[in-house]
Amino acid sequence: MFLDRAQVVARAVRAVGIPKPPAGILLYSSRTPDLGFDTTEQKVAWGAGHVTIAPGVKLGSGGTTRIDFGNGSSVSASVLDPRPALTEAIGATYDNCGHVHVPASKCRLTITGASRTTAKVDTSRGPATVPAWSFTAKGKSRPMVVLAVSKDVLKPVPQPVPPPGLAEPAPGLVGSERLTRIDGSTLTFSLSLGACDTDLRAHAVEFEDMVIIGGTHGPARNGAPCPLVLRSKTMVVTLAAPLGDRAVISAATGARLIPW
């Protein structure tokens, strides 16, 4: 069953061209490594983008610094000014003020100060220390730390794009949506399955230009009702040859997977 699916996926991927790996440095961590809120009002205000600067507060400016990686290398980077750093950290907004027991009059987070700091994050080049801003806010017991490097430098992980027209996988087949490690000929990835599914097995089918990964499982256990929840399990497969520059493709979606 898995071999048949792998062949179907490989044809679909080749028909549109194997996607190239993303360029640049990918950010695997949050842009807000220390954000915790004291109240629901603060959390909702942040999510709605209702963040203002207190009158008379001077926030400082960016400049140029570097990103230091755990392997000893570094790259130069421009530091975002505090306001654009806040905007990038908040991201897409959802105005829920007045709808979740948060009166609109209290749905406001007021910044009272900002200072330069650093934050440790995970990237596609390994652990890194990056410039950040530490913001204080009215009524908040601890600062909010947000990254001060643009998304053009530390890029978000791209959403995988499946090839068009690929049929849904057959029952009993599981595709990996997260590839966590590549080590020569060893691939580590996660598989999700139902709480009562049995006999989970990982598979990899190798082609000259790609490797299709995923898994299969047996029928659900009989007996008591099964909860509608998914569980994730880390799996490891060893290829017949080192992966090299071959693409790793999900058997479920046909999308290219990148380690993170």
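Analyst: Rings of Phe, Tyr and Trp (its six-membered ring) count as a pair if their centres lie within 6.5 Å. The model is predicted, and a search of the whole structure finds one aromatic pair.

User: What makes Phe37 and Trp46 an aromatic pair, and why is the pair called tilted?

Analyst: Their rings are 6.3 Å apart, centre to centre, and the limit is 6.5 Å, so they pair. The planes make an angle of 50 degrees. Stacked needs under 30 degrees and edge-to-face over 60, so the pair is tilted.

User: Is Trp46 buried or exposed, and what is Phe37?

Analyst: Trp46 has 7% relative accessibility; buried means under 20%, so Trp46 is buried. Phe37 has 25%, which lies between 20% and 50%, so Phe37 is partly exposed.

User: Which residues touch the most other members of the largest nonpolar core?

Analyst: Trp46, Ile111 and Met144 do, in a core of 25 residues. Elements giving two or more residues to this core include α2 (40-48), β5 (109-123) and β7 (144-147). Leaving aside neighbours within four places in sequence, Met144 is in contact with residues including Phe37, Trp46, Ile111 and Trp133.

User: How do you know that the charged end of Arg125 sits over the ring of Phe69?

Analyst: The distance to the ring centre is 4.2 Å, and the limit is 6 Å, with a further condition of 35 degrees from the ring normal.

Definitions and conventions
Residues numbered from 1 in each chain as written. Predicted model: local features only at pLDDT ≥ 70, side-chain atom pairs only at ≥ 80, totals over all residues. Heavy atoms only, no water. Core = buried A, V, L, I, M, F, W, Y, C linked by side-chain atoms within 4.5 Å. Buried < 20%, exposed > 50% of the residue type's maximum accessible area, 1.4 Å probe, protein only. Helix = DSSP H or I, 4+ residues; strand = E, 2+ residues; numbered from the N terminus. Contact = heavy atoms within 4.5 Å.
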